[in-house]
Amino acid sequence: MLTHHRKPVCLSLVSTNLPVWSTVETSATLYQKDKERFHLLLTEPSIGEWEPSPKKPTSGDDQTAVTPRLLWLEISPYRVIMTMQGNGKLSYRHLWERGIYGLSRYWLHSESLSGSGQLRLRNFTRSLTLEGRVLPEHLRLEYELWSEKVELGSYILNLEIHH
C-alpha cells in the first residue's frame, strides 16, 4: 500500500571548495514505497536567467504558461536518485550510491532544430546517511563531481524533512 504525507522540507546544496550554495524551503509530498524506500516530490524554483518563473495562465493565454520544474528524489539508505524535469531549458538526473561512481546527467534543451545537448559527468559518493525511525527526517550526501579525470568540486546535499 502506497502512503503519502505532505511535509515542509529544506533542501540545500553546498560546495566545500567552490563558491556554490543553494537552499530551497518548500512543502513536498513524501511517498512511502516500502519500509526503506521513499519518493519525495517538490517544485523547484526557476534558475535566474535560465528559465522564466512559473506563472498561472490567464484566460485564453495558455500558450505562455510555464510548467513548474519538478524535483523527484528516490531515497533509500543505500541509494539516492534525484531527477529534475520541467518545461524549461535544463533537466538533470543524479544517481548516488555510497562508495561507487554514479552518473550525473544534464540536458540543455533549445528551441532550435538541433534539439538539445547532453552532458554526462561522474560522481563519487563518499558518504550517504539517512536518519529517521519510521519516516526519513534527514538525508546527507557527500560527493565529488568529475568530468573524466578533472574534479569539478566536492559537494554536500542536505535534506531535512520536518514532521
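Here are some notes on this structure, for someone opening it for the first time.

1. Before anything else, keep in mind that this is a predicted model. In secondary structure, the protein comes to 0 helices and 10 strands. Read from the N terminus on, the elements go β-β-β-β-β-β-β-β-β-β.

2. Some overall numbers for orientation. The protein has 163 residues, and buried ones make up 35% of them. If you take the contacts with a separation of 6 or more, 40% of them come from residues 24 or more positions apart.

3. Now for the inside. In soluble globular proteins, nonpolar side chains tend to be buried together. Here the largest nonpolar core has 28 residues. Which residues have the most contacts inside that core? They are L40, L42, L71, L73 and L159. Have a look at L73 in particular: leaving out residues up to four places away in sequence, L73 touches F38, H39, L40, L42, V80, I81 and M82. Two of the names from the core list, L40 and L42, turn up there again.

4. You'll find T29 in strand 2, which covers residues 21-32. Is T29 buried or exposed? T29 is buried, because its relative accessible area is 12%, below the 20% cut-off. The T29 side chain makes a polar contact with the side chain of R6, at 2.8 Å. Setting aside neighbours within four places in sequence, T29 is in contact with H4, H5, R6, H39, L40 and L41.

5. Next, an arginine to check. R69 sits in strand 4 (residues 69-75), and R69 is buried, with a relative accessible area of 4%. R69 and Q85 are 16 residues apart in sequence, while their C-alpha atoms are 5.6 Å apart in space.

6. H94 stands opposite S104 in strand 7. The hairpin formed by strand 6 and strand 7 has 3 residues between the strands, and G99 takes a positive phi near 80° there.

7. On to charges. Side chains of opposite charge can pair when their charged atoms come close. How many salt bridges does a search of the whole structure find? There are 3. One of them joins the side chains of R37 and D34 at 3.0 Å, N to O. Both partners are partly exposed: R37 is at 42% relative accessibility and D34 has a relative accessible area of 34%.

8. Another salt bridge brings together the side chains of E144 and R126, at 3.1 Å, N to O. E144 lies in strand 9 (residues 138-147) and R126 in strand 8 (residues 116-131), so this pair ties together parts that are 18 residues apart in sequence. E144 is buried at 16% relative accessible area, whereas R126 is partly exposed at 42%.

9. Finally, E142 and R140 meet through their side chains in a salt bridge at 3.0 Å, N to O. E142 is partly exposed, with a relative accessible area of 22%, and R140 counts as partly exposed at 27%.

Note on methods. Residues numbered from 1 in each chain as written. Predicted model: local features only at pLDDT ≥ 70, side-chain atom pairs only at ≥ 80, totals over all residues. Heavy atoms only, no water. Salt bridge = Lys/Arg side-chain N within 4 Å of Asp/Glu carboxyl O. Buried < 20%, exposed > 50% of the residue type's maximum accessible area, 1.4 Å probe, protein only. Helix = DSSP H or I, 4+ residues; strand = E, 2+ residues; numbered from the N terminus. Core = buried A, V, L, I, M, F, W, Y, C linked by side-chain atoms within 4.5 Å. Contact = heavy atoms within 4.5 Å. Pairing = 2+ DSSP bridges. Polar contact = N/O pair within 3.5 Å; in protein donor to acceptor, adjacent residues only side chain to side chain.
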